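Trainee: Before we go through this model, I would like to ask about its geometry point by point. Please end each answer on the value or name I ask for.

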Amino acid sequence: MNRLTDDSSAFTHRSRNPNSRFAASIGLGALLAAALVASLACARTEPVQPADLVLMNGAVYTMDPVHPWVEAVAVAADKIVYAGTTKGAGRFQGTATKTVDLNGKMVLPAFQDSHIHLIEGGVEASLCNLAGLDTPEAVFAAIKDYAARNPGDAWITGGRWELPVFPRANPVKQDLDRIVPDRPACLFAADGHSAWVNTRALKLAGITPRTPDPPGGRIERDPKTGEPSGTLRESASELVAEHIPEPGAAEVLKGLRTGLEMVRRLGITSIIEANAREKLLDAYAALDRSGEMKLRVLASLHVDTDRGLTEVARLEKLRSTYRGAHLSSTTVKIFADGVIESHTAALLEPYLDRPKDRGLPLLEPEAFNRLATALDAAGFQIHIHAIGDRAVRMSLDALEAAEKANGAKDLRHHIAHLELIDPSDIPRFKALGVAANFQPLWAYPDPYITKLTQPILGPARSRWLYPIGSVLRTGAVVAGGSDWPVSSANPLEAIQVAVTRRGPEEPAGQAWIPEEAAGLAAMIAAYTTNGAYLSHEEGDRGSIAPGKTADLVVLDRNLFRIPPSEIHKARVLLTLFEGREVWRDPGF
Ligand SMILES: [Zn+2]
């Protein structure tokens, strides 16, 4: 889909051959024609304002379908003033211009991450971190070590334990009691949808065998005794989490700074914050006001779906409060379901191992339709978490109901995650103008898929896991995000996996469900132009053309000239945000 129609003219007007205009004028007479030639010649040599920076001799991939490749880019202040040949860029070199010979290195529009929990990830970085540990013993040792190093902490919290490490993704309290006997512990799973707690935490929360499962949650129990076994799913985690002292404003700010430091190294200059509550919004607003936030943030305001339509007025107030130079809050976030691994994703047909269980939708369809219609009427862009095929269908139904009631409004609603889509729903994205916001780094058969997902879905449904290729073929807009800290925020790893459908570290080989592999160009678009489109900023960024904001990255290699299995090895050498260097590799 060409999202650049408006801007490609801005791109081409500098490089268009003036002879066509001349030819049209020749009938006006020799005098007039001569005058025109003179004026064109004059226009051609007219001195231009020197640029601050000229990148030359590069492989510049512009994302403009008319001129996808150029050699050079010139930047003045915060704007791109030229994109074309190296020779043509010479015109922009003044005495103070900094010139970089790229020697074939690649330039791309800087990346957008369209689903990231930037502050939570940053805050978590200083808590107990179990990410990537692949045996129970390694997890136990890391918790023990953290507890010993932090004797003053009232709680042991943090987590990101990988679900496949424990049988049925179900760690037990006895193991945690052994390691942390002296204080409450609550460690969240890598996907954030489960919490592993010890006996002290259960006691503190008053959870006993008689405690019923809360709405939208499940207390895992010993099948014989009914005793809570130590894993809490979805809203049941809240029963314990609400007792954990919240991070203070200073810790939240520190978390945001940690997040900002990470993304600029990855070439990311824009994000959609996936789930923002007021405390996070305060932090974004503070660093935006101080000029420290060299990142464009579109915050998805957390919707408390239990409060129904009364939420709309509250969200409208937040939207007008939290906006600034690089911050807007015109999006809202709704959770439609949980995740497949813990049987909380809402499925059309039951889980194979639980014949009566079709998962846990977090809204009734009627309420969902009403809420989406009201939010759409209020002009909000709706960003939905949907994992199971029933949740995806309910989400599309709700967005369709909104369009029927309010008419098409170009709000660019999007559904994130999309782990399982029923094939009959795939054409509906394009038809309804709903964008697919995938987390492509999840689209390969890791143990989450092989141990915890395929066995409970069966082969027929598993064919439709992360159907990125099918959605692309319908012409729907596909954007990409990391869901960091759930998984790595490096867009290059995600782009590679979407293309190869293999693990980022795996060598070349057979793709998993090869029909669903994506092309490299489509995936670069997902992290550039289509991200800008989701943020309603495609006129200003997401591609490289004169007049656009100079958000650029330089990579150490041309992604189109290397085997796809090596894309994740590419390094970001330079990140420009509004023309300013926010990251430079020390070796560049
Ligand atoms: Zn998320």
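Mentor: Helices (H or I, at least four residues) and strands (E, at least two) are DSSP runs, numbered from the N terminus. This is a predicted model.

Trainee: Which residues coordinate the zinc ion?

Mentor: The spacing of the donor residues in sequence is H-x1-H-x365-D. The donor atoms are NE2 for the histidines and OD for the aspartate, at 2.1 to 2.2 Å. The residues are H115, H117 and D483.

Trainee: Are H115 and H117 buried or exposed?

Mentor: Buried means under 20% relative accessible area, exposed over 50%. H115 and H117 both fall in the class called buried.

Trainee: What is the angle between helices α13 and α14, and which class of crossing does that make?

Mentor: Helix α13 covers residues 365–377 and helix α14 covers residues 389–406, and their axes come within 8 Å. The axes cross at roughly 50°. Angles under 35 degrees count as roughly parallel and 65 to 115 as roughly perpendicular. The crossing angle is roughly 50°, so α13 is oblique to α14.

Trainee: How many residues of the contact between α13 and α14 are nonpolar, polar and charged?

Mentor: The crossing of these two helices is right-handed. On the α13 side the contact includes P365, F368 and A372, and on the α14 side M394, A398 and A401 are among the residues. The residues of this contact of α13 with α14 divide into nine nonpolar, four polar and two charged.

Trainee: At what angle do α10 and α11 pack, and how far apart are their axes?

Mentor: Helix α10 spans residues 249–265 and helix α11 spans residues 278–289. α10 passes α11 in a right-handed crossing. The angle is about 65°, and the axes are 9 Å apart.

Trainee: Which residues of α10 and α11 meet?

Mentor: The residues of this contact of α10 with α11 divide into nine nonpolar, no polar and two charged. On one side, α10 supplies V252, L253, L256, R257 and L260. On the other, α11 supplies K279, L280, A283, Y284, A286 and L287.

Trainee: Is N57 buried, partly exposed or exposed?

Mentor: N57 sits in the loop between β1 (53–56) and β2 (59–61). Its phi is positive, about 55°, although N57 is not a glycine. The relative accessibility of N57 is 35%, so N57 counts as partly exposed.

Trainee: What about R160, buried or exposed?

Mentor: R160 lies in strand β10 (residues 156–161). R160 has a positive phi of about 70° although it is not a glycine. Most residues other than glycine have a negative phi. The relative accessible area of R160 is 10%, so R160 is buried.

Trainee: Which residues is K105 in contact with, leaving aside its neighbours within four places in sequence?

Mentor: K105 belongs to the loop between β6 (98–101) and β7 (106–109). At 22% relative accessibility, K105 counts as partly exposed. Its contacts are G58, A59, V554, L555, D556, L573 and F588.

Terms used
Residues are numbered from 1 along each chain as its sequence is written. This is a predicted model: local features need pLDDT of at least 70, side-chain atom pairs count only at pLDDT 80 or more; totals for chains, interfaces and linings use all residues. Side-chain values use heavy atoms; hydrogens and water are left out. Axes are lines fitted to C-alpha atoms, for helices over the stretch in contact, and angles run from 0 to 180 degrees between N-to-C directions. Angles under 35 degrees count as roughly parallel, over 145 as roughly antiparallel, 65 to 115 as roughly perpendicular and the rest as oblique. A crossing is left-handed if the near helix is turned anticlockwise from the far one by less than a right angle, and right-handed if clockwise. Contact means heavy atoms within 4.5 Å. Ala, Val, Leu, Ile, Met, Phe, Trp, Tyr, Cys and Pro count as nonpolar, Asp, Glu, Lys and Arg as charged, and the others, Gly among them, as polar. Donors are N, O and S atoms within 2.8 Å of the metal (3.2 Å for Na, K and Ca); water is not among the atoms, so sites may look incomplete. Buried means under 20% relative accessible area, exposed over 50%, partly exposed in between (1.4 Å probe, protein chains only).
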